[in-house]
Amino acid sequence: SSFTFAMVLVYDDIVVVIVIDMTRGESTFMIRRRRRRRSSFDREFVFSFALFNISSSSNHHQFVFYRDSCIEFITKTMEAYPSSSFVAHINERVLRKDINLISNAAKGRISYYRYNSSSKAGSQWVICAMRFSTMWEHEGKETVVVVDVHDSADTMLREVERLIHLLAIENKFHALTFWESDEIQCENGNCLPLVQHAHTDGGLCLWMVEARESIPYLTRGDFLTFCEDILRPIGKIPHGADEMLLDSFLHSYNLIDTVLLVPHAHIIRDRDVKVKAVEMLKKLDPPRCVNVTEVYMSLGTWSSQNMYICSEIEESSRKKSKLRESELLNLS
């Protein structure tokens, strides 16, 4: 007779089986990878992002950092989710050579919305806002994920997985990350329904098909029109306008109450680390066909009215500049 026992260890999709024969003093172990059961929340993804160049040079270090961050994000996303596709919201200064690099990184699974250069200062922040429009304008069954491409791709993809699981637990179909303000009251009247004064952080947003199917009254172009109407009487469009516009839109269309709101966990990509994939992509032939849709923005001309941006809790040296109370614009 012999005395034998077995121990099974499970970590994610790895199964380790250890069998110990106490009589003979022998042990064996096996490692197997189990097939993960597909749940209703295992979706295909469409990632939406903004990329713009405000410099006259396509080789400006600031733009190159964002372009290369975009390429790294796409490359790592394709490794994690090979069936993913992408929607890029760009301006006219993103040149064809840069579009070719990005398209090759996405293996052709990308479409572009190119917005005209407006004479109004700060119009790039409207393009940044337009990445949100994919959440309710996308017509497929995929889950739309809106991202900041300058964030660490590894951290961001882990956060996507985390939000997918949280949505399943909460039985919800859209999630937004947020930041807290150091102001007690929201002067714009469009803060999120939380105890503290907080606003949407565009760093990570998920919008599933079930959420889109619940708002059939929203049509393509509604968000752009909404933003244009608010911004025409504004002078310079300030940094952070994209988040204020999104919150105002969500309130105006009664879309905020059913959203899962989660603090934003992210790490900005290290500027000193080069993206290896870029040099390899430069050696590839340009794609034969690139899907680019031209979009005209009607933002009006200069005016003396300003747009107020609620301040975020940050180090004092990084506080966003505030306007005088007489310059506040109510977006509600």
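Residues are numbered from 1 along each chain as its sequence is written, and side-chain values use heavy atoms, with hydrogens and water left out. Because the model is predicted, local features need pLDDT of at least 70 and side-chain atom pairs count only at pLDDT 80 or more, whereas totals for chains, interfaces and linings use all residues.

The description starts with strand 4 (45-51); helices (H or I, at least four residues) and strands (E, at least two) are DSSP runs, numbered from the N terminus.

Strand 4 has two pairings to consider, and strands pair if DSSP finds at least two bridges between them. With strand 7, strand 4 pairs in the parallel sense over 4 bridges, and Phe47 stands opposite Val145 of strand 7. Strand 5 (residues 85-91) also runs parallel to strand 4, joined to it by 6 bridges; here Phe49 has Ala88 as its bridge partner. From strand 4 the chain passes through helix 1 to strand 5 in a right-handed β-α-β crossover. Right-handed means that, with the strands pointing away from the viewer, the path from the first strand over the helix to the second runs clockwise.

The expected span of a helix is 1.5 Å times one less than its number of residues. For the 20 residues of helix 1 this gives 28 Å, which agrees with the 28 Å between its end C-alpha atoms. The buried residues of helix 1 include Phe63, Phe65, Arg67, Asp68 and Glu72. Helix 5 (residues 153-170) has 18 residues and reaches 25 Å from its first C-alpha to its last, close to the expected 26 Å. Among its buried residues are Met156, Leu157, Val160 and Leu163. The buried residues of helix 5 pack against strand 4, helix 1 (61-80), strand 7, strand 8, strand 9 and strand 10 (260-263). Asn171, which follows helix 5, has a positive phi, near 55°.

A nonpolar core is a set of buried Ala, Val, Leu, Ile, Met, Phe, Trp, Tyr and Cys residues joined through side-chain atoms within 4.5 Å. The largest has 51 residues, and Met135, Trp136 and Leu231 have the most contacts inside it. Among the elements that each supply at least two residues of this core are helix 4 (134-137), helix 7 (222-231) and helix 8 (241-252). Apart from it lies another core, of 43 residues, among them Ile90, Leu204, Leu260 and Ala277.

Beyond its neighbours within four places in sequence, Trp136 is in contact (heavy atoms within 4.5 Å) with residues including Trp207, Phe223 and Phe249.

The whole structure contains 12 aromatic pairs. Rings of Phe, Tyr and Trp (its six-membered ring) pair if their centres lie within 6.5 Å; planes under 30 degrees apart count as stacked, over 60 as edge-to-face and the rest as tilted. Trp136 and Phe223 form an edge-to-face pair, at 5.6 Å centre to centre and 80° between the planes. Trp136 lies in helix 4 and Phe223 in helix 7, so this pair ties together parts that are 87 residues apart in sequence. Phe226 and Phe249 are also edge-to-face, with 5.2 Å between centres and 80° between planes; Phe226 belongs to helix 7 and Phe249 to helix 8, 23 residues apart. Ring pairs link Trp136, Trp207, Phe223, Phe226, Phe249 and Tyr253 into a cluster.

Technical notes: Buried < 20%, exposed > 50% of the residue type's maximum accessible area, 1.4 Å probe, protein only.
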